[in-house]
Amino acid sequence: MEQKIRSGDNILRVIPPPGAPAISPKEGQENVLITSALPYCNNVPHLGNIIGSTLSADVFSRYNRTRNRTTLYICGTDEYGTATETQALKENITPRELCNKYNALHTDTYQWFDIG
């Protein structure tokens, strides 16, 4: 599903859908790589995750696309550390199972907010 960004001459108009070919830098053009802080993947996402890290990066990526710059915004979840291990022990599952469970919730939430 392509998303319309903004109409007008010389403006990048669509964001490639998930699974589309990777966005690669283009020689001789402005190329922008944006990352954001990775929220911990040890619980359900909340507005602090969005406002604190991903929203500003999403706005900046949209701005760059309206400037017709090749833009790649990447994000994920932080799946390492004591918080993840502690929560996995509380839920009686492995850290990997915990991360898979909460990463899916994070992904659904960011998609609902149209982040990315």
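Reply: Start with the elements. Helices (H or I, at least four residues) and strands (E, at least two) are DSSP runs, numbered from the N terminus. This chain has three helices and four strands. The model is predicted: local features need pLDDT of at least 70, side-chain atom pairs count only at pLDDT 80 or more, and totals for chains, interfaces and linings use all residues. Residues are numbered from 1 along each chain as its sequence is written, and side-chain values use heavy atoms, with hydrogens and water left out.

Me: In what pattern do the elements follow along the sequence?

Reply: The pattern is β-β-β-α-β-α-α.

Me: How many bridges join β3 to β4?

Reply: Two strands pair if DSSP finds at least two bridges between them. Here five bridges join β3 (residues 31-35) to β4, and the two strands run parallel. Val-32, for example, has Thr-71 in β4 as its bridge partner.

Me: Which handedness does the unit of β3, α1 and β4 have?

Reply: Point the strands away from you. A crossover is right-handed if the path from the first strand over the helix to the second runs clockwise. The β-α-β unit of β3, α1 and β4 is right-handed.

Me: Is His-106 buried or exposed?

Reply: Buried means under 20% relative accessible area, exposed over 50%, partly exposed in between (1.4 Å probe, protein chains only). His-106 lies in helix α3 (residues 95-112). Its relative accessible area is 1%, so His-106 is buried.

Me: Which backbone oxygen does the side chain of His-106 reach?

Reply: A polar contact is a pair of N or O atoms within 3.5 Å; within protein, one must be able to donate a hydrogen and the other to accept it, and residues adjacent in sequence count only if both atoms are side-chain atoms. The His-106 side chain reaches the backbone oxygen of Tyr-40 at 3.5 Å.

Me: Where is Arg-69 found?

Reply: Arg-69 sits in the loop between α1 (47-66) and β4 (70-74). Arg-69 counts as buried because its relative accessibility is 17%. Its side chain makes a polar contact of 3.2 Å with that of Glu-30.

Me: Which residues make up the largest nonpolar core?

Reply: In soluble globular proteins, nonpolar side chains tend to be buried together. A nonpolar core is a set of buried Ala, Val, Leu, Ile, Met, Phe, Trp, Tyr and Cys residues joined through side-chain atoms within 4.5 Å. The largest core has seven residues: Val-32, Ile-34, Ile-50, Ala-57, Tyr-73, Tyr-110 and Ile-115. The elements giving two or more residues to this core are β3 and α1. A second, separate core has five residues, including Ala-88 and Leu-98.
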